[in-house]
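Subject: Structure handover

Hello,

Here is the structure I promised to pass on. My notes on what turned up in it follow below.

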Amino acid sequence: MLNRNHLLEKLKNTNEICIGTWSIIANTTLIDVLCSTELDFIIMDSEHGPIGFESAQEITITCESQKVSPVIRLPDLRKENVLKALEIGVHAIQVPNIDNLEQVNQLQEYSKYPPIGKRGFSPFTRACGYGANNSIEMISKANSNTLLNIHIEGKEGIDNVDKILENKYIDVCFIGLFDISNFLGHPGEVDHPEVLKLFKLLSSKILSAGKIVGSISNNIDQLNYLAENKVRYITHSVDCQMIQQTYQKALSSLKRR
C-alpha cells in the first residue's frame, strides 16, 4: 500500500490511544459521517457482517478522503481473502480466531512480499496506484506500511499465546472479550471478574512481547478501563448499535413524559 497509513504512524510513533469502531452497515455516506467524528480507524466487518470486497474498496476510498484508516476484519485466514484485502489498499487487516503459531506464520506468508513472505504481485490494483510505474516503490514500501492484527479469543489461542507472540511481524493482538466471556461460561459479561483476570494476563503477555494490545468497549466505563490498562487500539461499539441506542434513548425520554 502506497498511501499514508495514519493508524500505523500514530501507533508506532506516539504513545497515544487509537479509537475506532466496527462497521456492519456498508454505506459510504454513513462511513463519511463516522469519519467526521475524528475516529482513528473504521473496521469493516466481513466476518459477522455482510461487507464484501467491492464495498470495502469504496469504503476504503471514503475513509482515506478524511484521513481515517480503513481496516478490514476478514472472515477467515484464506490466502485469497488476505490478498484481496491488501490490494484494495486497507491500512490494516484483522484475522479472527487465531489459535496457533502456524496460522500466524501463514498470515505472514500471505501478506508480505519476498523475502519475508510469498505474496503475489500485481501493480494493477488500488494499493499500487493502478499502474506498473509504481512497482519498485510498492515492493519496497508495502511490507512495512500495513498493520497486521490478530484476534486472540478462543481457548486454543489463549493456551498457545506465548508461541503465537513469537512472530515478529504481528503488530496488534486483539483480545476478543465477547468470545472469551462465552467460553468462560459468562456470555456477554465482559466485565465479569474471570474475564477481566484473563484479559489482564493476556494483555501483560502481549505488552511484554513488544506488541500493541487491542480490544473492544461498548460503553464509556469500558472505554476508560481499557485506556487505563494500556490498550492502545480500542474498537468502541458498532455503527448499528450506536444508531439504535441513540434513537431508543430519545424515544424512551419522550415516552416518559
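**Surface and overall build**

The accessible surface of the protein chain is about 12,400 Å². Carbon and sulfur atoms account for 51% of that surface. Please keep in mind that this is a predicted model.

The protein chain has twelve helices and eight strands. Its radius of gyration is 18 Å, close to the 18 Å that the globule rule gives for 257 residues, so the chain is as compact as a globular protein of that length. Along the principal axes, the C-alpha atoms fill a box of roughly 65 × 40 × 30 Å. Of the 257 residues, 51% are buried. Take the contacts between residues at least 6 apart in sequence: 64% of them join residues at least 24 apart.

On charge, there are 26 positive and 30 negative side chains. The centres of the two sets lie 4 Å apart.

**Aromatic pairs**

The structure holds five aromatic pairs. One of them is Phe-41 with Tyr-233. This pair is stacked, with 4.3 Å centre to centre and 15° between the planes. Phe-41 sits in strand β2 (residues 41–45) and Tyr-233 in strand β8 (residues 233–238), so the pair ties together parts that are 192 residues apart in sequence. Both Phe-41 and Tyr-233 are buried.

Another pair is Tyr-113 with Phe-121. Here the geometry is edge-to-face: 5.7 Å centre to centre, 80° between the planes. Tyr-113 counts as buried, at 1% relative accessibility. Phe-121 counts as partly exposed, at 37%.

There is also an aromatic cluster. Trp-22, Phe-41, Phe-174 and Tyr-233 form it.

**Helix α4 and its surroundings**

In α4, the residues Asn-81, Val-82, Ala-85, Leu-86 and Glu-87 are buried. What do the buried residues of α4 pack against? They pack against α3 (53–65), β3, β4 (92–95) and α5. Just after α4, Gly-89 takes a positive phi of about 95°.

Leu-77 is in the loop between β3 (69–73) and α4 (79–87). Its relative accessible area is 17%, and Leu-77 is buried because the cut-off for that class is under 20%. Leaving aside residues up to four places away in sequence, Leu-77 touches Val-82, Val-95, Ile-98, Gln-103, Gln-106, Leu-107 and Tyr-110. Take Leu-107: this residue is 30 residues from Leu-77 along the chain, yet their C-alpha atoms are separated by 7.1 Å.

Gly-120 is in the loop between α5 (101–111) and α6. Gly-120 is partly exposed, with a relative accessible area of 35%. Beyond residues up to four places away in sequence, Gly-120 touches Leu-83, Glu-87 and Tyr-113.

**Thr-146**

Where is Thr-146 placed? Thr-146 is in the loop between α6 (135–141) and β5 (147–152). The residue is buried, with a relative accessible area of 6%. Residues up to four places away in sequence are again not counted in what follows. Thr-146 touches Met-1, Asn-5, Leu-8, Leu-86, Val-90, His-91, Ala-92, Lys-112 and Asp-171.

**Backbone points to check**

Most residues other than glycine have a negative phi, and most peptide bonds are trans. These places depart from that pattern.

- The peptide bond from Pro-114 to Pro-115 is cis, with omega near 10°. Pro-115 is in the loop between α5 and α6.
- Asn-97 has a positive phi, near 55°. Asn-97 lies in the loop between β4 and α5. At 37% relative accessibility, Asn-97 counts as partly exposed.
- Lys-230 has a positive phi too, near 65°. Lys-230 is in the loop between α11 (220–228) and β8. At 57% relative accessibility, Lys-230 counts as exposed.

Best wishes

Terms used
Residues numbered from 1 in each chain as written. Predicted model: local features only at pLDDT ≥ 70, side-chain atom pairs only at ≥ 80, totals over all residues. Heavy atoms only, no water. Phe/Tyr/Trp six-rings, centres within 6.5 Å; stacked < 30°, edge-to-face > 60°. Helix = DSSP H or I, 4+ residues; strand = E, 2+ residues; numbered from the N terminus. Buried < 20%, exposed > 50% of the residue type's maximum accessible area, 1.4 Å probe, protein only. Rg over C-alpha atoms; globule rule 2.2 N^0.38 Å. Contact = heavy atoms within 4.5 Å. Areas by Shrake-Rupley, 256 points an atom, 1.4 Å probe, with all protein chains shown as cover. Lys, Arg positive; Asp, Glu negative; His and termini not counted. Charge placed at Lys NZ, Arg CZ, Asp CG, Glu CD.
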